[in-house]
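Dear colleague,

I am passing on the structure we spoke of, together with some notes on what turned up in it. Please read the notes with the coordinates open beside you.

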Amino acid sequence: PVDAESQHLDGICETTTFGSECRFTCQDGYVDIAAGDGVYSCNSNGWNAVKPRSCKPQPCPSIYSTSFFDRKIMNTNCTSEPSFERCAGFGDFEGAESGCFGQTCEIVCASGYIGDPKFYTCSFGPEQYPLTWHTTGEVVSESISSCTRVSCGIEINNLPQNIQSECDGTHHYFEDECITSCEEGYMSDPDGGDGIYECLSLIHI
C-alpha cells in the first residue's frame, strides 16, 4: 500500500482493507525530519497519512575530519545521490564534507603519490552506533590507504651536456630536490637558472 522501500520506511500493516492502519518508522540509518507519526489509514481515497514521516540519511562524520585522512596525499571521489541533498536536515550535501549514512567514498592517492584506490562506506559498526566509515566490514581507524611518494630514481636523466648532478647515487622521491653544477672546466651562464631539479610526479623537472 505504501512504497516503504523508496521512502526508507519499516512498518507493519494490520490488514489492507478499508479502515485498517499501517504504522511506519524510519529504517536504521535514517531519521524523521518531519516529526510525523507514520500512521497510514486506508480510506476511500486509498492510503493516506495525516502526519507522514520524511526519512533522511543520518549524518556521518566528514571523512576529511577523521584522523586517518591526509589531505596532502589523498583525494576523494564520493557519491552525491539525491537522497544526500539534505542529510537529516543538517545542511546541503557538499561532497565528503557532509557525510551521510550509505554514502560511499573512493580514496585515491594525490598527484605525486602511488597506491591502490580503496572504497569506504558510512555505516554502522558492530554495536550499531555511532555511524562511521568502514571498509570490508572493519572500522577504519588507521591509515586508510598506503599512498607513498613516487620515485624519480637515483640520477637525473638527460642532463644537458657538461652538467653534473651532485646527488647521484641517492634515491629521490616526490618533492625531493637535487642540485646540479657545471663540470670541471666550465662555468655557469650568468643568465642561467639555479641548477636545482625537483622530483615532480615521475620525472625530475
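A salt bridge is taken here as a side-chain nitrogen of Lys or Arg within 4 Å of a carboxyl oxygen of Asp or Glu. The model is a predicted one, and by that criterion it holds three salt bridges.

In one of them the side chains of Arg53 and Asp32 meet, with an N to O distance of 3.3 Å. Because Arg53 sits in the loop between strand E5 (46-49) and strand E6 (55-57) while Asp32 belongs to strand E3 (residues 30-32), this pair ties together parts that are 21 residues apart in sequence. Asp32 counts as buried at 19% relative accessibility, whereas Arg53 is partly exposed, at 21%.

Asp176 pairs with Arg149, their closest N and O atoms lying 3.2 Å apart; this links distant parts of the chain, 27 residues apart, with Asp176 in the loop between strand E16 (172-173) and strand E17 (177-182) and Arg149 in strand E13 (residues 148-149). Arg23 and Glu21 also form a salt bridge through their side chains (3.3 Å, N to O), and Glu21 is partly exposed, with a relative accessible area of 25%.

As for the protein as a whole, its secondary structure comes to 19 strands and zero helices, and 35% of its 205 residues count as buried.

Notes
Residues are numbered from 1 along each chain as its sequence is written. This is a predicted model: local features need pLDDT of at least 70, side-chain atom pairs count only at pLDDT 80 or more; totals for chains, interfaces and linings use all residues. Side-chain values use heavy atoms; hydrogens and water are left out. Helices (H or I, at least four residues) and strands (E, at least two) are DSSP runs, numbered from the N terminus. Buried means under 20% relative accessible area, exposed over 50%, partly exposed in between (1.4 Å probe, protein chains only).
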